[in-house]
Amino acid sequence: MNFALTNEQEAVRKMVRSFVDKEIMPYIQEWDEKGHFERGILKRLSELELMGVCIPEKYGGSGMDYNTLAIVCDELERGDTAFRTAVSVHTGLNSMTLLQWGNEFQKEKYLVPQARGEKIGAFGLTEPGAGSDVASITTTARRVGNEYILNGSKTWISLCDVADHFLIFAYTDKDKKHRGISCFIVERTFPGVTTRAIKGKLGIRAGNTGEVFLEDVRVPAENLLGEEGEGFKIAMSALDNGRFTVAAGACGLIQACLEASLKYCHERETFGKKIGQHQLVQQMIAKMVAGLESSRLLTYRVGWLKNNGQRCTRETSLAKWFACDAAFNAAVDAVQIHGAYGYSNEYPVERYMRNAKAPVIYEGTREIHTLMQAEYALGYRMDKPLRRTLPAWPFEE
């Protein structure tokens with residue numbers, strides 16, 4: 001086992017960290033307060049060739065390995081969850097799904113401009129009455145000649161007002177339950193597509209999240225991703241990639257909590273000594289360190305498995321569950337370490353705590369992942385081979 005990052009990975013980490021320090025950290029409090037999503041960050045990430053970091057060069061990407069994507073997400077979330085979420089959705093949920101399931105026509109038309117950052121991709125699975133229970137979606141797709149007519153709505157869709165392309169999941173045959181779900185590439189410009197942002201969120205206020213409405217949207221049959229009825233498998237494999245990036249981002253949030261807490265421990269004094277000298281404060285610091293190191297190891301193991309072309313649904317679930325819980329616990333402790341000041345936005349830890357809650361819920365609640373891990377251990381759950389797999393790294397050009 002080799003736990004060392006390559007020189008290229010170290011260079012990417014240094015570059016993204018510098019970018020975050022210069023272009024996100026000085027402005028994020030204001031963006032968060034105003035609920036403003038700064039689209040210019042996506043443009044800058046595109047210029048740095050980070051919107052398709054793990055997409056093969058022949059499809060417009062940088063051709064780096066999957067753990068380099070984890071490093072990018074780790075460092076972006078150290079700045080704010082909103083921008084890691086943007087990369088998670090655009091790259092992890094959308095572009096990597098096109099890479100795995102798309103045909104050459106779809107890859108050239110949609111994946112290439114997304115990998116270059118010229119177009120932005122989003123992912124439309126969740127509905128008002130369907131979250132973890134995917135089979136409860138009500139969006140429908142009816143075949144008429146060489147088109148499908150889509151009707152329905154999606155909610156809690158990141159980048160809803162920003163994305164150019166959406167992966168939309170809809171029933172083509174309701175009688176087959178989850179085996180009747182299909183996936184479609186839907187362009188924002190298709191007549192009948194509208195979006196609306198959700199306001200008043202607890203956290204990730206600097207991110208764009210909202211609803212997508214589909215009213216008699218005509219989608220060319222060539223925009224069917226995979227085959228009819230394969231939508232559920234496509235969604236679950238997409239979530240493997242999304243959860244990987246969420247776990248990586250959680251590492252960055254723990255890092256941010258640790259950095260802020262260490263700084264405050266060396267500044268604040270109580271009872272005649274620095275608060276870092278109090279043992280119960282040290283206990284909270286120690287838990288952050290343990291959570292960070294464990295989470296990164298679990299996350300990088302998933303990246304290693306992806307690099308080697310191995311399916312890793314179980315390992316990804318564990319990494320996402322553990323890292324997101326560790327991040328939320330770190331954020332709560334960071335606020336506690338800061339005392340009353342932690343309760344105000346004079347310090348960033350209150351934002352960290354608000355942001356840390358969402359990843360515990362989305363892309364599989366911690367309760368869902370708890371059940372998954374138990375079912376794997378008991379032998380009730382087994383992963384079957386998929387018709388299409390994510391390419392191993394190094395990519396064949």
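How far apart are the end C-alpha atoms of helix α9 (residues 313–338), and what span should its 26 residues have? Select residues 313–338 in this predicted model. At 1.5 Å a residue, the helix should span 38 Å. The end C-alpha atoms are 37 Å apart, which agrees with that expectation.

Is M1 buried or exposed? M1 is exposed, because its relative accessible area is 94%.

Then turn to the cysteines. A disulfide is a covalent bond between the sulfur atoms of two cysteines. How many disulfides does the model have? The count comes to zero, with a pair of sulfur atoms required to lie within 2.5 Å.

Select C54 and C73 to see one case. The cysteine sulfur closest to that of C54 is in C73, at 8.6 Å, so it is too far for a bond. C54 is also buried, at 0% relative accessibility.

Select C160 and C183 for another. Here the sulfur of C160 has its closest cysteine sulfur in C183, 18 Å away, which is again too far for a bond. C160 counts as buried because its relative accessible area is 0%.

Definitions and conventions. Residues are numbered from 1 along each chain as its sequence is written. This is a predicted model: local features need pLDDT of at least 70, side-chain atom pairs count only at pLDDT 80 or more; totals for chains, interfaces and linings use all residues. Side-chain values use heavy atoms; hydrogens and water are left out. Buried means under 20% relative accessible area, exposed over 50%, partly exposed in between (1.4 Å probe, protein chains only). Helices (H or I, at least four residues) and strands (E, at least two) are DSSP runs, numbered from the N terminus. The expected span of a helix is 1.5 Å times one less than its number of residues.
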